[in-house]
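Hi there,

Here's the structure I said I'd pass on. Have a look at it first, then read my notes below.

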Amino acid sequence: MEHAVLGAGAIGGLVGTAVASLGEGVTVLVRPERLPGYPANLSVERPSGAIAITAPAKVAATLTNPVDVLWIATKTYQLKTALQAVQSLPRYVVPLLNGVDHVEFLRVHFGTHFGPHFGNDRVLPATIAVEAERIAPGRFVQRSPFVNLNLPASGEQVLGAIVARLRDLEFTCRFIQNEQTLLWSKLCFLGPFALVTSASGMNKGEIYADAEWKRKLMSAMAEACAVAKASGAEVDAAQVQAIFDGLPSGIRSSMQKDLASSRRLELDAIGGPIARGGERYGIDVSTTAALIAVIRAKATE
């Protein structure tokens, strides 16, 4: 199949390189000023023991030819502007953004441009959990020992063959029936972890060694799970805690790295659904709200 990747940062680069290495056609969409000198081959450095990935890919500033799958991996605040580069109709759209609110936005966007059936049926929300970075144009590094990719069961017929081969690259992939479960399962992990690491400036090991910060992490997780359940998701706080427990000690969140580098944060996309859900459903999300306030204050220093 033919694929395009919108958002050539860490996540888009990792997925694009992996898909291209399977022999699929991949076009990476980049800003016009980045076209000159962009490498013809993508590469991902991976943790010791994992298979390094290198593959050729095309590069373009706009998507003018139809593709089978458009993978979207922009930051949430870049999404609206980035979509201007998509000038042809993809068969399917697979967003890998953080949070939950982008799914409805994309369905409205593609439904408005290409008909409501497209927005409803062909936007296949997915989530990915991995610590990765872009170290140069076309060059990426995977720092976590895992890549967890979850996709909707409605996309299995389209993406099943690709997913089977991604497993050979040591991706852990699952198809999930309940869309809310799919989206909130990641946010119940990512939201608390991003908020606590960013507010504290600590990595996972340091948080676990500090009783008060670990308490805040567990409290924020419980709040996220409560909102998730009220939103129709099936989540298990014990399973989320088991994921935290199994994380490498040195792992940090992308938001934490963005804050340290004075980059714009995805604070509303990651923390907002939990805070707004608490207000909507009458759930106490005071720990989440306090963490968001601390991070906002840090970001304006």
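Strand β2 is covered on both faces: G25, T27 and L29 are buried on one side, and V26 and V28 are buried on the other. One thing to keep in mind as you read is that this is a predicted model. Remember that side chains in a regular strand alternate between the two faces of the sheet. Five of the five residues of β2 (residues 25-29) are buried, so the strand is largely enclosed by the rest of the structure.

What sits beside β2? Strand β1 (residues 2-6) pairs with β2 in the parallel sense, over five bridges. In that pairing, A4 stands opposite T27 of β2. To get from β1 to β2, the chain passes through helix α1 (residues 10-21), and this β-α-β crossover is right-handed. β2 also pairs with β5, again in the parallel sense, over three bridges. There, L29 has A60 of β5 as its bridge partner.

Now take a look at A57, in the loop between β4 (53-56) and β5 (58-60). Is A57 buried or exposed? Its relative accessibility is 14%, and the cut-off for buried is under 20%, so A57 counts as buried. Which residues does A57 touch, if you skip its neighbours within four places in sequence? They are V26, V28, A40 and L42, and V26 and V28 are the two buried residues from one side of β2. Also, A57 and G16 are 41 residues apart along the chain, while their C-alpha atoms are separated by 8.3 Å.

Cheers

Note on methods. Residues numbered from 1 in each chain as written. Predicted model: local features only at pLDDT ≥ 70, side-chain atom pairs only at ≥ 80, totals over all residues. Heavy atoms only, no water. Helix = DSSP H or I, 4+ residues; strand = E, 2+ residues; numbered from the N terminus. Buried < 20%, exposed > 50% of the residue type's maximum accessible area, 1.4 Å probe, protein only. Contact = heavy atoms within 4.5 Å. Pairing = 2+ DSSP bridges. Right-handed = clockwise from strand over helix to strand, strands pointing away.
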